[in-house]
Amino acid sequence: MKYFTFLIFTLLFTTGCATKTNLTPNDTNQSIVSQLDESDEFDNEFEDEEKEVFDPLEGYNRWMTSVNDNIYIYAFDPVSRGYAVVVPKPARVGLSNAFDNLKFPIRFTNNLLQLKFDHSIKELGRFMINSTIGVLGLFDVAKAGGVEAYPEDFGQTLGHYGVGSGFHIVLPFFGPSNLRDSLGFAVDTAISPTTNASLKYQIPDNTEKALGLSTLYYLNKNSLHPGEYESLKKDALDVYTFFRDSYEQKRAKEIKE
Amino acid sequence: MLKKLILLPLLTMSFLFAIEEANIKSEMDSKIQEITSILQDKALSSESKKEKISPTVDTIFDYKTMSKISLGKKWKTLSSSEQENFIQKFETKLKNSYFEKLELYTDQKVLVQELEKVKSTRIQLHTDIIGVEETYEVIYKFYKVKNSNDWRIYDVEITGVSIIQTYRKQFSEFLKTKSFSKLLESL
């Protein structure tokens, strides 16, 4: 509990810092943008490229990025490619659908917490249809009928209520995250039906089974996205900052939606 | 006569380079379908696909503006030959990267969604790549060329990540410790 209080405290503290640094002169000059010439207009639209990123864990993060990279290249990816040879694609898509269907409580709860009631209702509808007609979620019949999923997680919920990202943290195995999203990830994992936190609806009854299920989930997912990581990596001049900045951009966008 | 002959292709080229506002959606739609059908042609090798797609991509991307934005403040300190050099290298890099991303999603459908006018000089075209298990949003960002009716693409945003923003950050960080010629080398 003490640890948790500490986390919250740090989170709020760093949020304060983050908002402070975000206040560049550009934000206050929006109204006179129209008077500026074309290239100034672009400079206003894009973030100041020389802005320093608050990254106190950079040393550790860089090290973890290369550890994860090695795990991915030499273990995870070869195994998932082998898995893709053995298990036909329709089965892998079905399994991926079933996992996503099981993660319904995360999306439902976080939509509710963000007061997105229409999305919560659609999520509930999707869960009921896909669990029955979609044979335990193997088939995403709701999507075929035009009802898409509304992915929301607790990190997004916190962001929705103005909690800043805090500093960047690269998690072992899971990769880029930040203080806010790590906390969110922990909360989502606790309520996920595929983990074991002794909630009634949770499927695994011990940590080993939960770990196995989680490995299968990521392995299966990766097998449906071959070559993506390698292709992204090629765009980077510096792999760590590339994934860090892409991650933070992506999250900012997801929270805004 | 000779002068005219040289001038003519140049004129048509610059005309092809941009799109008028009313035509953005329809032209982009047909270009994206064209690119998709080339990518899905199993008879072509990866190299020849790239060759065939290249001219179409060139007509919609404004590489010069992209180069300018991605270098930020550094741009103005460069000589014009350095700028030319950079544009060329960056163009190849962008094209290769764009092509490689497209190739990952060859068997997937691209839907052109709505056109959003952000302000008088900016338009965003939202498109969706429908994947096997998820949908990726790709946004093409257009700007209006000063004193004209032409619109050109200055950035592409893939699932919330702006390509040019990302390069801008990467280049700036690289140039903090290394020289511009080193940057050209690593592109």
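Predicted model: local features only at pLDDT ≥ 70, side-chain atom pairs only at ≥ 80, totals over all residues.

Author: Two residues are said to be in contact, or to touch, if their C-beta atoms, placed from the backbone, lie within 7 Å. Residues are numbered from 1 along each chain as its sequence is written, and chains are lettered from A and ligands numbered from 1 in the order in which they are written.

Leaving aside residues up to four places away in sequence, Ile153(B) touches Ile60(B), Phe61(B), Asp62(B), Tyr140(B), Lys141(B) and Phe142(B). Ile153(B) is, with Met66(B) and Phe142(B), one of the residues that touch the most other members of the largest nonpolar core, which has 26 residues. Such a core is a set of buried Ala, Val, Leu, Ile, Met, Phe, Trp, Tyr and Cys residues joined through C-beta atoms within 7 Å, where buried means that 20 or more other C-beta atoms lie within 10 Å of a residue's own, exposed that 12 or fewer do, and partly exposed that the count is in between, with C-beta atoms placed from the backbone. Two or more residues of this core come from each of α4, α5, β3 (122-130), β4 (135-144), β5 (150-158) and α6 of chain B; these helices (H or I, at least four residues) and strands (E, at least two) are DSSP runs, numbered from the N terminus. A second, separate core has seven residues, among them Leu95(A), Ala98(A), Phe99(A) and Phe104(A).

The contact between the chains takes 24 residues from chain B and 26 residues from chain A, and α4 (63-71), α5, β6 (161-162) and α6 (163-177) of chain B each supply at least two residues of the side that touches chain A. On that side α6(B) gives the most, with nine residues.

Finally, α5(B) has a helix partner within its own chain. Ser46(B), Lys50(B), Ile53(B), Ser54(B) and Val57(B) in α3(B) meet Lys95(B), Tyr98(B), Phe99(B) and Glu103(B) in α5(B).
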